[in-house]
Amino acid sequence: MKILITDYDFPDLELEQALYRAAGIEVVVAQCRTEDEVIAASVGCQGLLVQYAPINAKVFAARPEIRIVSRYGAGFDTVNTVDAKAHGVWVGNSPDYGVGEVATHALAMTLSLLRHIAFYDRDVKAGKWHFTSAGKMQRVVDMTVGILGLGRIGKRMAHISRNSFKRVIACDPYIIDGDFPAYVERVSKEELFAQADAISLHVPLTDETRGMVDASVLGLMKHGSVLVNTARGAVVNIDDLLAVLDAGRLDGAALDVLPIEPPAIDSRIVQHPRVLLSPHAAFYSVVAEKELRRKAAQNLVDWSRQGHPSYVVISGK
């Protein structure tokens, strides 16, 4: 078997290379960012291990020998799953790595906004020293936290938030009532945005969720509330978010992910005084990175040995 590893963020690929050497798999490495680059680099490859490169019908048609694509990460929006299914190509991911890291990062961002930590830091460094410099602040223990998406990470976020907030509410139409923890109140999307003082997003990027956090729901949010996104950047309409921030409806927003990464340093979202940013780092710890890489790489080994990956998104032929 021969595979292509492409467009990775990691300083080296020794973990993956060692795994494939032990399995007798030949490896090609190329930093591809377009379909054409993937096509050129994947001659004779049966598998792809990818991160950001677009994988779609154009790739599958040009390289019919490709039978499996595994993506670094829980998300798989860079792989067109409809095209993969049409071409009988397996698609795998690594959905259960870094769950605690992302939830902890989301809670840290939420509390930083509510307690004005980043804003205080900015003010102190600008020569302002007063407890009201960043605006009025309410008690977190009197607040409601809302979670949009109650999968693995959403549930962990609910669990670690419940002792900090008075109330935990969540919306997820794909989770049955029995899978909602007893301490989480089920609400509709509209109720979630209208009732929560802090909203944390934990949904995958799909056709349904792309741009779903827009003016129609942001306009429902309480004055002085905050929004946190550690899911996917394109879930939030950035222009609509900037509009409610400029209008003073939201006290702040914390974003680990953006529709375009990295953003331009002079972009409004980067320069906005009420926005807290991190560089798509919510998943990261030394242990989580190794787990991510091992599980994504193992999908290809498992396919070569048993005909299917451990983590199946799309079943192939």
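Rings of Phe, Tyr and Trp (its six-membered ring) pair if their centres lie within 6.5 Å; planes under 30 degrees apart count as stacked, over 60 as edge-to-face and the rest as tilted. By this rule, the structure holds 3 aromatic pairs. In one of them, the rings of Phe-10 and Tyr-72 have centres 4.9 Å apart and planes at 75 degrees, so the pair is edge-to-face.

The model is predicted: local features need pLDDT of at least 70 and side-chain atom pairs count only at pLDDT 80 or more, whereas totals for chains, interfaces and linings use all residues. Residues are numbered from 1 along each chain as its sequence is written, and side-chain values use heavy atoms, with hydrogens and water left out. Helices (H or I, at least four residues) and strands (E, at least two) are DSSP runs, numbered from the N terminus.

Both members of the pair are buried, a term that stands for under 20% relative accessible area, with exposed over 50% and partly exposed in between (1.4 Å probe, protein chains only). Phe-10 counts as buried at 8% relative accessibility, and Tyr-72 is buried at 2%.

Two strands pair if DSSP finds at least two bridges between them. Six strands form this open sheet, in the order β2-β1-β3-β4-β5-β13, with mixed pairing. Its edge strands, β2 (26–30) and β13 (312–314), each pair on one side only. Strand β3 (residues 47–50) runs parallel to β4 (residues 68–71), and 4 bridges join them; Leu-49 has Ser-70 of β4 as its bridge partner. Helix α12 (residues 286–306) packs on the sheet and touches β1 (2–6), β3, β4 and β5 (90–92), where contact means heavy atoms within 4.5 Å. The direction of α12 makes about 160 degrees with that of β4; axes are lines fitted to C-alpha atoms, for helices over the stretch in contact, and angles run from 0 to 180 degrees between N-to-C directions.

In a regular strand the side chains alternate between the two faces of the sheet. In β4 both faces are covered: Ile-68 and Ser-70 on one side, and Val-69 and Arg-71 on the other, are all buried. The chain passes from β3 through helix α3 (residues 57–62) to β4 in a right-handed β-α-β crossover. Right-handed means that, with the strands pointing away from the viewer, the path from the first strand over the helix to the second runs clockwise. On the β5 side, β4 and β5 run parallel and are joined by 3 bridges. The crossover from β4 through helix α4 (residues 81–86) to β5 is right-handed.

Elsewhere in the chain lies strand β10 (residues 225–229). Because 5 of its 5 residues are buried, β10 is largely enclosed by the rest of the structure. Ser-225, Leu-227 and Asn-229 are buried on one side, and Val-226 and Val-228 on the other. Strand β9 (residues 198–201) pairs with β10 in the parallel sense over 4 bridges, and Ser-200 has Val-228 as its bridge partner. Strand β11 (residues 250–255) is parallel to β10 and joined to it by 5 bridges; Leu-227 stands opposite Ala-253. From β10 the chain crosses through helix α10 (residues 238–246) to β11, and this crossover is right-handed.
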